[in-house]
Structures are given as structure tokens and as C-alpha cells.
Protein chains: 2
Amino acid sequence: MKEKRQTIQKGLIWEAVSAADNHPNAEQIYDSIVVKHPSISRATVYRNLNMLVDEGKVKRIRVLGGPDHFDRTLGNHFHIQCIECKSVGDIEMLADLSISADSLETYGYELDSYELVFNGVCPDCKKSHAAKVQ
Amino acid sequence: MKEKRQTIQKGLIWEAVSAADNHPNAEQIYDSIVVKHPSISRATVYRNLNMLVDEGKVKRIRVLGGPDHFDRTLGNHFHIQCIECKSVGDIEMLADLSISADSLETYGYELDSYELVFNGVCPDCKKSHAAKVQ
DNA sequence: CTCTTATATGAGAAAAGCTATCAATTAGGA
DNA sequence: TCCTAATTGATAGCTTTTCTCATATAAGAG
């Protein structure tokens, strides 16, 4: 009795996250699937995203005042969210936080994960500001 | 017509955040105030916490799967949350992220803030594990 | 000190995001 | 093909936070 069945839905959700060039949230993933597979439920999307996160195949990106975003885990990088349009972009590894993470043991904690998210104004939104000011 | 009135409630909320040695969430702040000032409303607590965050007097700590926590901003430090008991602790500055932050401009972003949260098991929860296993 | 009025509050409804529940469906081994 | 536990879809429910609006109040004007 192994357990962990492969289902159509699981496949579609994994595809949707993998294919996305942005960092979609659960609703956006649902939207992208429901066109081709109208019977899919939001609950299934949330459930499977959680599974993928638990399995380490997908990273959950928690942002200020909005739904979680999801990212196929491909190497070490951080994220930056635009505080205006809410889009999420990638930031290449800037600091080696794994070193910092190790020293956490001096605090008596057993480290599980860490999350670094930058907040700023993206190039596009900066541009539209300039347009408005003129 | 300046505008930004000082109220009893504002004072109480600021006091509550300042006095707390842990990193309370909105509900805990409400609870600590309501004993002495029973008429205070949750809405007022949320409203004023948001103001304090906007003014930079208080830092919002966003954690996985739970309410935001709040911390009086005192110098540069990060946070670590126990993934079991949900308590939030302080971590002294381990890496100079302001340097990393500067280089974000190469991405065309205008940086506003960043947030680094570690997730792990706190000393107390580790202890109770050990107790159970034996 | 009183009047004025725009800001702030309190109470509760509502929104947003996510999880729980459960009957019906289905993957996949026997 | 059959069996059965895992999974799904639908929806209710929960948690956290914001919104709405009538009422109360801070603080400047007179």
C-alpha cells in the first residue's frame, strides 16, 4: 500500500507552476487551469500546492498584505515584490545567508528555513510615475 | 489644519507595543489593552498599528500561516519564528543586507524595505521533543 | 471657555485567503 | 475486474484584516 496517487489535477497544477514565468498565486494558478479543465476546484489547487511545498518542489513566497505566491524551486535566489502592482520578481543570490543561518544554532534554534523578501517599486511602476509627474 | 490627533487609544497601543517583551500580534495587543480600557475596538488597534508601521515606529513581522506580529523598531535585527509554538524571537544582525539591498538598483527597482524571517524550532519545543522521545 | 468640524473611534458587517468536511469519484494494486 | 483508501469538488467555516458609518472627540478658531 504505497500511497500518493498521480492524478490529472496534480499534473496540471505542477505544469501551471512550472510553466509560469511570473510567480503566480493560487488564484492565478486556478485561473490558468480552469480554462482547460473546468471542473477543477480551488480546494484541490490549494491542497496540491501545499503538497508541492512540503515535497520541496515548489517554494512559497509570502508577501505583505496579499496571497502567497509560488515559485518552482530552481537554485538559490530571493524575491522582490512591487509594493504597487504586487508583481513578484527574482533576485539572484546577493548574500550567503546559509552562513548566517548556521550561526542561528547559538540561539538554540533548530533552523528549518528562511525567507528573504524585498519590497520596492518595479521599473514599470517607476516609469508610470515619471509620466504622471511631467 | 494639521491633522493627526493624539488620542487615548493611540497612546495605549503605542505603550502596549513598546512594553511588550515578546512580539505581540494585533489580538494580543488588543487583549492587553482591553482590561484597562474595555471600550477599545479591534478596528482601532488594527488602524493604529498600521499607522505606526507607516510612520516607521513599528515593524510588521509577517509569519507563515498566522497573524502579523509587531515589534518596536530598535536597531537592525531579524526575527525567527518557532514553527511549532509560533513564538517569535529576535536575531541580532547576522549579515549586512543593506549592502545587498543597494545592489538591487541594478534590477531597476527602487527599494523600500526588506524582510528576513527565519523559521525553526525554538529551544523550548526542542526540549519537549527530547522529553517525549525518552 | 465654547463652538466648530474634520478626524478618530466603536461596533459590526464584510472581504480575503485559506482550511475543513464529507459525499462522490478514481488510481492503482490484488 | 474488483476493492478500497486516497483524492476530488463543492461548500461551509475559520482566521485575520479591512470597510462602513453613526457617534464621539481633539484641538484650533473665536
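Predicted model: local features only at pLDDT ≥ 70, side-chain atom pairs only at ≥ 80, totals over all residues.

Student: How many residues of chain B are in contact with chain A?

Tutor: The size of an interface is often given as the accessible area lost when the parts come together. Here we count residues in contact, with C-beta atoms within 7 Å. On that basis, 30 residues of chain B meet 30 residues of chain A.

Student: Which elements of chain B give two or more residues to that side?

Tutor: They are α4 (97-102), β5 (110-121) and α5 (123-133) of chain B. With 12 residues, β5(B) supplies the largest share. Sorted by class, the side of chain B that touches chain A holds 19 nonpolar, 6 polar and 5 charged residues.

Student: In what sense do β5(A) and β5(B) pair?

Tutor: For paired strands, one reads the direction and the bridges. Strand β5 (residues 110-121) of chain A pairs with β5(B) in the antiparallel sense, over 11 bridges. As one example, A:Leu111 has B:Gly120 in β5(B) as its bridge partner.

Student: At roughly what angle do α1(A) and α2(A) cross?

Tutor: For a helix pair, one reads the axes, the hand and the residues in contact. The axes of α1 (residues 8-19) and α2 (residues 26-34) of chain A come within 10 Å and cross at roughly 115°; the crossing is right-handed. From α1(A), the contact involves A:Leu12, A:Ile13, A:Ala16 and A:Val17, and from α2(A), A:Ile29, A:Ser32 and A:Ile33.

Student: How do these contact residues divide by class?

Tutor: The contact of α1(A) with α2(A) comprises 6 nonpolar residues and 1 polar residue, with no charged ones.

Technical notes:
Residues numbered from 1 in each chain as written. Chains lettered and ligands numbered in written order. Contact = placed C-beta atoms within 7 Å. Helix = DSSP H or I, 4+ residues; strand = E, 2+ residues; numbered from the N terminus. Nonpolar A, V, L, I, M, F, W, Y, C, P; charged D, E, K, R; others polar. Pairing = 2+ DSSP bridges. Axes fitted to C-alpha atoms, helices over the stretch in contact; angles between N-to-C directions. Left-handed = near helix turned anticlockwise from the far one by under 90°.
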